[in-house]
Amino acid sequence: MSSSSETPPPNSTRELAAIMFSDIAGYTLIMGRDERRALQALNEHRELLRGILPRFNGRMLGEIGDGTLTSFHSALDAVNCAREVQAKLQDDADLKLRIGIHVGDVVFANDTVLGDGVNVASRIHALAQPGGICISERVYDEIRNKPEIRVKDLGAQQLKNVERPIRAYALALPGDADAHALSAIRSEAESTTRATRLAVIAGVGVLLLAAVAYWGASGKRSVRGASSQLAAGAKIHSLAVLPLENLSGDPGQEYFADGMTEELTTQLAKINALRVISHTSVMQYKGERRKSLPDIAKALNVDAVVEGSVLRVGDKVRINAQLVDARADKHLWAQSYERDSRDVLALQDDLASAIAREIDIHVTPPERAKLGDARAVNPAAHEAYLKGIYYWHLWNEEGWKKSVDYLEQAVKADPSFAAAHAALARTYADSAETWVSAAQAMPKAKAAADRALELDSANPEARTVLGVIKYEYDYDWAGAERDFQRAIADNPGYPEAHHHYGYLLNLEGRIDESLAQYEKARELDPLSFAIAGDMSAAMAKRAGPEKVLEHMHKLVDMDPNNWEGHFWLGLAYIGNGQTPEGIAEFEKVKEELDIPYSAGWLGYWYAVTGDRVRAQKMLDELHKQSKVRFVAPWYFGEVYLGLGDKDRAIEQFVKSYEERSTRWLMTLKSPMYDPLRADPRFIALLKKIHLDT
């Protein structure tokens, strides 16, 4: 901060003012217990001040977090205002303010207030008891002759970043007659002095800068260590970060809360000794009020859950988190963090590290380094990144387009943002053959993944995307295996690396190895329909179709509205010889997701069951869709195959290969293609994509 001795900035005004700083005592703990009550207390604090200030010629300089800064023309006005505020709150057990007042030289310049008055007031308030007022000697000199005001001398105080000791006084309020109590207050205050705040006001208000940033201390406070509260012998080896609640009151901020949940999950997943459930699975409990935490933990198979909220005000971000022992439904620990938006990645790192410490999980030196390597991030880039991953999770064409647009904005705003490049790579790769051709998507996916790995060679998402490109697009199966193995080595907690590696191993006929990778993926992402569905193909070769059907029923029962579940359940029915039931499931998929993917599969099964009219209808629909959007040739081939038109089926499959729309060609070993096995054209196609073994 600037002091009064420094040369004032141009266009500034200097004046002597009484500065009052107030905050809510125990705000972090209130937030940990009841976030909505904490926000209510925050609003009450501000509204009360706004109503009282005009009567004492006071003005609000700034407010952020739970603190406020105000100025007055006289020390007496400031003290009388503070006394009235505390009197009005005397009977409110949940809202206790601590107030500090100092008279000093301040400079107002460029929407900024600087000077000794700001610094001392923002420091001295921490000496006050909850519901109390602490003043400096300069204020005391101004009011000492007022008989209605009594004080207790707290002695000279060495305040942080204040060169000389400041003599402080506690104002005696109703019920504060005991000097011994005031002495105890002083002792407690000296041991619990908090770092003060750098309050920043955006928009029409005044931008306030105080000397030492409160935010530098991360705004954190915890209650008791989690490990000390666990039952004897109990340990936490697995947890899930439940969707953080958006406390902004603006539904348009849901993307921010969801993104912060995913980022915290990603950070915790870097700890190998801790099994952390994927964001995909936990998001199924977003807004869930019917299930208890033990029930959710049981479904996710975890020892503990992290729950909490996120609030963004201007360029500040606050996360409040609680750790709950799910087995005993017992709150173990609560903590609150506040940071500038540029330091939001460091906030995530700090919170993940704190959770690891509290549960006493082993963190290796390399993992500790990963948790401490967060850099400042361009706020605009981070904002675009969070929107990009939010829209990607919607899994529809409009969402994909928005996802690409926002992620492109993110990497343009901050070309060194590795996570944004990796997310862009994943978005492009996943769009191949669904929204655009592989020839359009995969080169862009590869470029983004390569760039992400240049910036962060251990990024598992980018490494996994490269593996997918190699086996789906380049037919480099050995190279894909190396990439998946590297991604798993870099981060064993990333489920998609295990998932895609399991898929590749299944294609190669290495069923036991495939199932082992799928099982690991499922442990990390237990409610993923994609993982469960791909795993069912390998399971059928070992456990049989009835076991697969049972497996898929359990998953669909957990989320009956998920279209992927009905697709895989349909295949499971057909594998078990229950084709009509399978077709009924495919029809549900088509109602939910009217894209070539659903029309192709449904058309094939209509055809093979003899319903040629409806099969032709699906074929006509594919032709119609192809005039306005990308439709992979494979979908046409699929329906032609069902209709028994082998020439057209092979023609479309070969066209898929030539256009590099080959994702579904990876299924050509399936029994559904048996009618084509002897055809030389089909044999040659299998050889080209390395499925001839």
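Predicted model: local features only at pLDDT ≥ 70, side-chain atom pairs only at ≥ 80, totals over all residues.
Residues are numbered from 1 along each chain as its sequence is written, and side-chain values use heavy atoms, with hydrogens and water left out.

Next, select Leu239, Leu268, Leu323, Tyr385, Tyr471, Leu668 and Tyr673, which touch the most other members of the largest nonpolar core, a set of 148 residues; such a core consists of buried Ala, Val, Leu, Ile, Met, Phe, Trp, Tyr and Cys residues joined through side-chain atoms within 4.5 Å. A second, separate core has 37 residues, including Ile52, Leu95, Val139 and Tyr140.

Now centre on Tyr673 and display its contacts (heavy atoms within 4.5 Å): leaving aside residues up to four places away in sequence, Tyr673 touches Trp634, Leu641, Phe653, Trp664, Thr667, Leu668 and Phe682.

Finally, select residues 545–558, helix H22, and residues 563–575, helix H23, which pack at an angle of about 160° with their axes 9 Å apart. Helices here are DSSP runs of H or I, at least four residues long, numbered from the N terminus, and axes are lines fitted to C-alpha atoms over the stretch in contact, with angles running from 0 to 180 degrees between N-to-C directions. H22 and H23 are therefore roughly antiparallel to each other, a term for angles over 145 degrees. Residues making the contact include Leu549 and Met552 of H22 and Trp568 and Leu569 of H23.

How values were computed: Buried < 20%, exposed > 50% of the residue type's maximum accessible area, 1.4 Å probe, protein only. Helix = DSSP H or I, 4+ residues; strand = E, 2+ residues; numbered from the N terminus. Parallel < 35°, antiparallel > 145°, perpendicular 65-115°, else oblique.
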